Each structure stands twice: as structure tokens, then as C-alpha cells.
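Trainee: Could you take me through one part of this model in detail? I'd like to hear about the packing inside.

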Amino acid sequence: PMPDGIVNLRLAPAGRWGLVTQSDGTLGVLSFVGAAPGNIVPVAGGLATPDLVSFSPKGRAAALLSRSGAAIQVLTGLNASPAIAWQADLTGLPGVRTMALGDDGNFLVVLAQDRIVYLLTNGAAPRPIFSAGLSSGIAFIPSRNSAVVADGNNGSVSVLSNLDSAVATQTIATALDLSAGQVFAQSLSDGSAVVLLAAGGTSAY
């Protein structure tokens, strides 16, 4: 049985742990062994009722958005010792539509209402790095600090890389019908390429 006092559970990718909101208003991480839940590890100061949550591809980090507080918290160590790694103030930034977090928790990209993709890092102001339609989806490539933007407005798929310096953008697919399916980004085992699958097609990056 699940531990008492859980109000909400958000499972991380692979389902081995998840973020839980508890009835006492605190945030915790609940791990699973198979289908059996373990103990809840509290996250001191964590946003217990975030409006939006985005896990990193491997689920070891997560970004939590509070619209009322105009802030984002980044948590790391979810698989072992969860803690707040850094926070970002969103005051002055148009409303966040969607967001994605890299596996190391250092890079966060958000799509705002002004159709601009911003890069957020610890201690720095949001930096505009790309423009995309409001129906776009964003995801980081596993184990890499590169993000994929699938723009449902124009049917393009672009990769944003070099996030730690001069951001590079590369459009790798255009004129796709993204209305009926998903776009998947996956690192190959040798780390040399990424394969994107969209509408039955494959593109190598």
C-alpha cells in the first residue's frame, strides 16, 4: 500500500521514484522497488504544490514552476539525496507555456507566451535563445546538454546545443505533420548521434 498522507504523485521517467505532495503541505520523493513503494524522503523547502513539473530525461532532476510566486525550483539527486540545487526568479518573464531540464540539472529551457525560448541557469537572468510557436514541445536529449524543439506551428524540429556558451541552433527536419504524433529524441550508445522519430520518419543529428 501507498504511505499515508499522499495528496499527489508525479512519477519520474521509468517509474522508479516520484515527487509527492503530502497532506501536511510538504514535498517529498517516494521511491519504488518494482511496484512496491518505499519511504518518503522529504525535500526541505521544496514547492509542494507546483503548477508545472518537468523531469530531466533520466528523471534524476526536476524543475518545479510556481506561477503565483513567479519562480522555478530545480531539484537534483532525486534517485538518492533530493535537494534544491538552484532557483530562478521569473519576474518580468511572460507566462511559461512549457519547460525542459537537462539531466545534470544545470540547464533549463522554457517557452514563454511571447513565443521565445529562454535559457535559465543558476544565478543568471533568463536568456532568449530561440523563437517557436506556442504549441511547441521541448525536451532535452538524454545525457547531453542539448534540447530539441518540435514546433507544431510550422512542422519543424530543431536542436539547440552549446548551451554553456554561444548557443547553436540547427533545424534538422521541416514540413512535418506534428499534429498526430510525438517526436522522440534519443542518444545512441556511443554518444555520437541522436535519432529523431516523427510521423514515421527518422532524422540523424
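Trainee: Which residues have the most contacts inside the largest nonpolar core, and how many residues does that core have?

Mentor: Some ground rules before the answer. This is a predicted model, where local features need pLDDT of at least 70, side-chain atom pairs count only at pLDDT 80 or more, and totals for chains, interfaces and linings use all residues. Residues are numbered from 1 along each chain as its sequence is written, and side-chain values use heavy atoms, with hydrogens and water left out.

Now, the core. It has 17 residues, and I72, L90, M99, L108, V110 and L120 are those with the most contacts inside it. By nonpolar core I mean a set of buried Ala, Val, Leu, Ile, Met, Phe, Trp, Tyr and Cys residues joined through side-chain atoms within 4.5 Å; buried is under 20% relative accessible area, exposed is over 50%, and partly exposed lies in between (1.4 Å probe, protein chains only). Two or more residues each come from strand 6 (62-66), strand 7 (71-76), strand 8 (83-89), strand 9 (96-101), strand 10 (108-112) and strand 11 (116-120). Strands here are DSSP runs of E with at least two residues, numbered from the N terminus.

Take L120: leaving aside neighbours within four places in sequence, L120 is in contact (heavy atoms within 4.5 Å) with I72, W86, A88, L90, N106, F107, L108, V110 and P126. There's also a second, separate core of 14 residues, V109, I129, A132 and I138 among them.

Five of its five residues are buried, so strand 10 is largely enclosed by the rest of the structure. In a regular strand, side chains alternate between the two faces of the sheet. Here both faces are covered: L108, V110 and A112 are buried on one side, V109 and L111 on the other.

As for its partners, strand 10 pairs with strand 9 in the antiparallel sense over five bridges, where pairing takes at least two DSSP bridges between two strands. M99 sits opposite V110 in that pairing. The two strands form a hairpin with six residues between them, and G105 in the turn has a positive phi of about 75°. Strand 10 also pairs with strand 11, again antiparallel, over four bridges, with L119 of strand 11 as the bridge partner of V109. That hairpin has three residues between the strands, and R115 takes a positive phi near 70°.
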